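Subject: Structure for you, with notes

Hi,

Here is the structure I promised to send over.

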Amino acid sequence: MMWYDTIIAAHLAVTDAVSHGQRLKSDRYFVWQEDGANDLTADDRHTERAVQGTTDLFTKLEFDPWAAELGESLSDYGIAWYLNSVQFEEDTGFWHHEWVWEVV
């Protein structure tokens with residue numbers, strides 16, 4: 001299984017309202033994007049590879065259960081993560097949650 005298969009599966013375990021890097025026309029959805037790598041190098045080689053990225057939840061629900069469900073799903077799939085921020089965007093009316101994750 002490729003790293004992105006793991007990320008996709010973790011999101012789909014919560015909902016199919018998920019996109020890779022693009023906004024959805026919905027009042028409730030996830031967007032995920034890879035940001036870079038955190039590889040372990042030894043003897044001038046990449047011996048272990050990890051991809052870092054973020055997932056954003058945009059929702060009109062103040063206490064959206066998908067927020068807790070995503071954390072559980074990421075953990076279930078063995079993905080290291082932390083919740084980076086939660087903000088209310090007054091101009092759009094969306095609650096915006098952002099997770100940072102890393103997958104091998």
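This is a predicted model: local features need pLDDT of at least 70, side-chain atom pairs count only at pLDDT 80 or more; totals for chains, interfaces and linings use all residues.

There are 10 aromatic pairs in the structure, counting rings of Phe, Tyr and Trp (its six-membered ring) whose centres lie within 6.5 Å; planes under 30 degrees apart are called stacked, over 60 edge-to-face and the rest tilted. Tryptophan 32 and tryptophan 101 make a tilted pair, because their ring centres are 6.3 Å apart and their planes stand at 55°. Since tryptophan 32 belongs to strand E2 and tryptophan 101 to strand E7, this pair ties together parts that are 69 residues apart in sequence. Both tryptophan 32 and tryptophan 101 are buried, where buried means under 20% relative accessible area, exposed over 50% and partly exposed in between (1.4 Å probe, protein chains only). Ring pairs also join Trp3, Tyr4, Trp32 and Trp101 into a cluster. Another tilted pair is phenylalanine 88 with tryptophan 95, at 5.0 Å centre to centre and 50° between the planes. Phenylalanine 88 is partly exposed, at 42% relative accessible area.

Residues are numbered from 1 along each chain as its sequence is written, and side-chain values use heavy atoms, with hydrogens and water left out.

Two rings have a charge over them (NZ of Lys or CZ of Arg within 6 Å of the ring centre and within 35 degrees of the ring normal): arginine 28 lies over the face of tryptophan 66, 3.6 Å from the ring centre, and the charged end of lysine 60 is over the ring of phenylalanine 94, 4.5 Å from its centre.

Now the overall layout. The chain has two helices and seven strands, taken as DSSP runs numbered from the N terminus (helices are H or I with at least four residues, strands E with at least two). Along the sequence they come in the order α-β-β-β-β-β-α-β-β. The C-alpha trace spans about 50 × 25 × 20 Å along its principal axes. Of the 104 residues, 38% count as buried. If we take contact as heavy atoms within 4.5 Å, then 55% of the contacts between residues at least 6 apart in sequence join residues at least 24 apart.

E5 is worth a look. Eight of its nine residues are buried, so E5 is largely enclosed by the rest of the structure. Strands pair here if DSSP finds at least two bridges between them. E5 pairs with E2 in the antiparallel sense over nine bridges, and nine bridges also join E5 to E7, again antiparallel. Threonine 54 sits in E5 and is buried, with a relative accessible area of 11%. Leaving out neighbours within four places in sequence, threonine 54 contacts residues including Val31, Trp32, Glu98 and Trp101.

Which residues touch the most other members of the largest nonpolar core? In this core of 21 residues, they are Trp3, Ile7, Phe30, Ile79, Trp101 and Val103. Helix H1 (3-12), strand E2 (28-37), strand E5 (51-59), helix H2 (65-76) and strand E7 (94-103) each supply at least two residues of the core. By nonpolar core I mean a set of buried Ala, Val, Leu, Ile, Met, Phe, Trp, Tyr and Cys residues joined through side-chain atoms within 4.5 Å. The buried residues of H1 are Trp3, Thr6, Ile7, Ala9, Ala10 and His11, and they pack against strand E1 (18-20), E2, E5, H2 and E7.

Last, glutamate 34. It lies in strand E2 and is partly exposed, at 28% relative accessible area. Its side chain makes a polar contact of 2.6 Å with that of histidine 20 (a pair of N or O atoms within 3.5 Å; within protein, one must be able to donate a hydrogen and the other to accept it, and residues adjacent in sequence count only if both atoms are side-chain atoms). Not counting residues up to four places away in sequence, glutamate 34 touches Trp3, His20, Val51, Gln52, Gly53 and Trp101.

Cheers
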